[in-house]
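Q: Can you walk me through this one? I'd like to begin with the ligand and then look at the strands.

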Amino acid sequence: MQKRVVVTGASSGIGAATVRRFAALGWQTVAVARREDRLRALADETGAHVVVCDVTDEEQVSRLAADVAATGGATGLVNNAGGAFGADSVEHSSNDDWRAMFEVNVIGLRSVTAALLPVLREGARRAGSASILNVTSTAGLDAYPGGGGYNAAKFGAHAVSNVLRLELAGEPIRVLELAPGLVHTEEFTLNRLRGDAEAAAKPYLDVEPLRAEDVAEVLVGAFEQPPHVNQDLIVLRPVAQSSVFHVHRGPLAPRT
Ligand SMILES: NC(=O)c1ccc[n+]([C@@H]2O[C@H](COP(=O)([O-])OP(=O)(O)OC[C@H]3O[C@@H](n4cnc5c(N)ncnc54)[C@H](OP(=O)(O)O)[C@@H]3O)[C@@H](O)[C@H]2O)c1
């Protein structure tokens, strides 16, 4: 069976770069997101099979699983769809933002994983192994002021990754988690800050952040490891960022 991977959140940023990287290494890809036009453009470029699906909608997720099963199955799943809404304090944030973050980062991840597990098991039967990778965040490992709902959701996704690894023990299905730090993608911070382009540019000023392509290369590299090897938690930051609180602005230079 040819290696075939489903990537959610493939219409931009890390997800799109991940589809490109898998395709470059000869994997068949299934690109999943809500915006069909962007997925079609990616498909023209990479040959990806496109499934339009909102991961927070259970019916659409069931249809996704049926589509993947009918069009060639899968040996890999990347749960990458996600995002942050707002950067307000616990005291002043809105429950609607928190619900939206839980829906996409935690419940959507669970829903897609549960729906695709039978397909991945079939893939593992035929190919010998399968992999599930959850894109969480360093915000799922360390709290920060204003992180509120995003911290809570990504800590949740981190916990789900650990639970799933325990629950799948004994099966040839590895569960990986990739927790990126500062990544400059086109839409992530813009969405978080509700379209305020000036504020959204600030975190990336005077620093070399990760690019989506950097994350994709490490992510796909983990899939390319021999099937008995599991890089179960990968924390990936730019060198200029030594913790969620420490970003060095300005050039990096050896001390004299
Ligand atoms: N950028 C960073 O600094 C950073 C750092 C650490 C972790 N992360 C995580 O990395 C992942 C990708 O982030 P990114 O920077 O590439 O952000 P992005 O460009 O905003 O990508 C988010 C992707 O998720 C999709 N998506 C959102 N809601 C969805 C839903 N309900 N159903 C299906 N797809 C949905 C979006 O596509 P549609 O709108 O077309 O559905 C988009 O393709 C996210 O989980 C994010 O939390 C990002």
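A: A residue is near a molecule or strand if one of its heavy atoms lies within 4 Å of it. This is a predicted model, where local features need pLDDT of at least 70, side-chain atom pairs count only at pLDDT 80 or more, and totals for chains, interfaces and linings use all residues. Residues are numbered from 1 along each chain as its sequence is written, and side-chain values use heavy atoms, with hydrogens and water left out.

Q: OK, how many residues surround the ligand?
A: The count is 30. The closest are Ser11, Ile14, Arg34, Tyr150 and Thr185.

Q: What classes are in that shell?
A: The shell has 12 nonpolar, 13 polar and 5 charged residues. Here Ala, Val, Leu, Ile, Met, Phe, Trp, Tyr, Cys and Pro count as nonpolar, Asp, Glu, Lys and Arg as charged, and the others, Gly among them, as polar.

Q: Which helices supply at least two residues of the shell?
A: Helix H1 (13-24), helix H5 (148-167) and helix H6 (188-192) each do. Helices (H or I, at least four residues) and strands (E, at least two) are DSSP runs, numbered from the N terminus.

Q: What lies 2.7 Å from a ligand oxygen atom?
A: A polar side-chain atom of Ser11 does. So does one of Arg34. For Ile14, a backbone N or O atom lies 2.8 Å from an oxygen atom of the ligand.

Q: How much of the ligand does the protein bury?
A: The protein buries 95% of the 880 Å² that the ligand exposes when taken alone. Accessible areas come from the Shrake-Rupley method with a 1.4 Å probe; for residues, only the protein chains shown count as cover.

Q: Which residues sit on each side of S5?
A: Ala130, Ile132 and Asn134 are on one side, and Ser131, Leu133 and Val135 are on the other. In a regular strand the side chains alternate between the two faces of the sheet.

Q: What does S5 pair with?
A: Strand S4 (residues 76-79) pairs with S5 in the parallel sense over 4 bridges. Two strands pair if DSSP finds at least two bridges between them. Val78 has Leu133 as its bridge partner in S5. From S4 the chain crosses through helix H4 (residues 95-127) to S5, a right-handed β-α-β crossover. Right-handed means that, with the strands pointing away from the viewer, the path from the first strand over the helix to the second runs clockwise.

Q: And with strand S6, how many bridges?
A: S5 and S6 (residues 173-180) pair in the parallel sense over 6 bridges. Val135 has Leu178 as its bridge partner in S6. The chain crosses from S5 through H5 to S6, and this β-α-β crossover is right-handed.

Q: Two glycines now. Is Gly147 buried or exposed?
A: Gly147 is buried, with a relative accessible area of 2%. Its place is the loop between S5 and H5.

Q: And Gly47, buried or exposed?
A: Gly47 is exposed, at 62% relative accessible area. Gly47 is in the loop between helix H2 (36-46) and strand S3 (49-52).

Q: Last one: where is Asn79?
A: Asn79 lies in strand S4. Asn79 is buried, with a relative accessible area of 3%.

Technical notes. A polar contact is a pair of N or O atoms within 3.5 Å; within protein, one must be able to donate a hydrogen and the other to accept it, and residues adjacent in sequence count only if both atoms are side-chain atoms. Buried means under 20% relative accessible area, exposed over 50%, partly exposed in between (1.4 Å probe, protein chains only).
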